[in-house]
Amino acid sequence: AAKHQGRNRCSYYAPFMQEAVQTRMRLANDLRSALSALNDSFRLFYQPIVDLATGTTHKAEALIRWQHPTRGLIHPMEFIPIAEETQMILEIGDWVFRDAARQAARWRLSHHAAFQISINVSPVQIHNMANARNWPDYLQTLGLPGQSIVVEITEGLLLDASIGVTEKLRAFHEAGMEVSLDDFGTGYSSLCYLKKFNIDNIKIDQSFVRNLAPDSDGMVLCEAMIAMAHKLGLKVIAEGVETPEQRELLAAAGCDYGQGYLFSIPVPAEDFEALLNRQFK
Ligand code: C2E
Ligand code: MG
Ligand code: MG
Ligand code: MG
């Protein structure tokens, strides 16, 4: 009877498990094919990072989308983990950097001489800097100063002391690039990391912004993060700003920049150009 039950349990779980594994394997295969035509397979969308004091946009975050041949646009949460596990992120991440750099060059000419584009850089890319080591040269080829590109990393990376993160982030800094700490407040990093790794900006995670209301706990937390960052000489970007009230509360707390659906969802570069000339008053 036990054997029978065991088999039943198996037949209950197996199809579901198998399907998940198969979907993943199929995606990994499709991703491998996508690498042979990076420009046709991936696309960067841009979301404005708005100066809360002036309502102007001189910064954007590049967010990758995969143009899957049959499934349409796939969001990063669905394929970045697979790309990381398989190391394909190294090639994809290098493409992200180059595409973003070329876009920064265009917008620096057409819109604002100090325009900056932020890119998300996976811990896997920091572990293996083979590609990223060439980034400063690529910027030079384009005639772009390092300040054109901001590297967004997450807190988890800073906890991993084993891989010489300090030295690797220094390579970005030496080339003039800035480093932002993404999803700030959700991990385990302490204040001393901000100094130790010379972080330039923190991005307050959207989970804090979501709970913003006057005199709320969310408000107290945001105020504390902003005050602390400013004391250390860092700039603060709030993620996930969706309402005028959140924007007002953040601006009143002295937050430097806001990013979120209130201003725009992430859009293709062509559509972003209309936003560049808009003031978010
Ligand atoms: P992230 O870097 O924290 O990016 C912010 C995410 O929040 C984006 O999701 C963005 O579309 C979304 N978002 C922006 N404003 C709002 C808002 O007002 N409300 C809400 N609810 N969400 C908002 P997306 O584009 O799906 O990207 C998800 C994550 O995927 C990113 O989180 C980042 O960690 C990763 N990612 C994106 N592009 C790349 C890339 O080129 N390379 C790597 N390694 N990771 C990437
Ligand atoms: Mg980011
Ligand atoms: Mg974030
Ligand atoms: Mg995130």
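How many nonpolar, polar and charged residues make up the shell around ligand 1? By class, this shell holds 10 nonpolar, 7 polar and 7 charged residues. The views below are all taken from a predicted model.

**View 1. Ligand 1 within its pocket.** Ligand 1 sits in the largest pocket. It is surrounded by 24 residues, and the closest are R65, N120, D182, E242 and Y261.

**View 2. Secondary-structure elements around ligand 1.** At least two residues of the shell come from each of strand 2 (57–68), helix 3 (76–85), helix 4 (88–110) and strand 6 (178–184). Strand 2 supplies the largest share of the shell around ligand 1, with 4 residues.

**View 3. Polar contacts of ligand 1.** An N or O atom in the side chain of R65 lies 2.7 Å from an oxygen atom of ligand 1. For D182, an N or O atom of the side chain is 2.8 Å from an oxygen atom of the ligand. Y261 takes part through its backbone, where a polar atom is 2.8 Å from an oxygen atom of ligand 1. On its own, ligand 1 has 800 Å² of accessible area, of which the protein covers 85%.

View 4. The ion is coordinated by E61 (OE), N120 (OD1), E152 (OE) and D182 (OD), at 2.0 to 2.2 Å. Along the chain, the donors of ligand 2 follow the spacing E-x58-N-x31-E-x29-D. Distant parts of the chain are linked by the pair E152, in strand 5 (residues 149–154), and D182, in strand 6, which are 30 residues apart.

View 5. D183 lies in strand 6, whereas E239 lies in the loop between strand 8 (235–238) and helix 12 (244–252), so the pair ties together parts that are 56 residues apart in sequence.

**View 6. The two magnesium ions and D182.** The magnesium ions (ligand 2 and ligand 3) are 4.3 Å apart. D182 coordinates both ions. The side chain of D182 also has an N or O atom 2.8 Å from an oxygen atom of ligand 1.

Definitions and conventions
Residues numbered from 1 in each chain as written. Chains lettered and ligands numbered in written order. Predicted model: local features only at pLDDT ≥ 70, side-chain atom pairs only at ≥ 80, totals over all residues. Heavy atoms only, no water. Near = heavy atom within 4 Å. Polar contact = N/O pair within 3.5 Å; in protein donor to acceptor, adjacent residues only side chain to side chain. Areas by Shrake-Rupley, 256 points an atom, 1.4 Å probe, with all protein chains shown as cover. 1 Å grid on protein atoms, 1.4 Å probe; cavity = no way out; pocket = protein on both sides within 12 Å on 5 of 7 lines; lining within 4 Å. Sits in = over half its atoms within 2 Å of the grid points. Nonpolar A, V, L, I, M, F, W, Y, C, P; charged D, E, K, R; others polar. Donors = N, O, S within 2.8 Å, 3.2 Å for Na, K, Ca; no water.
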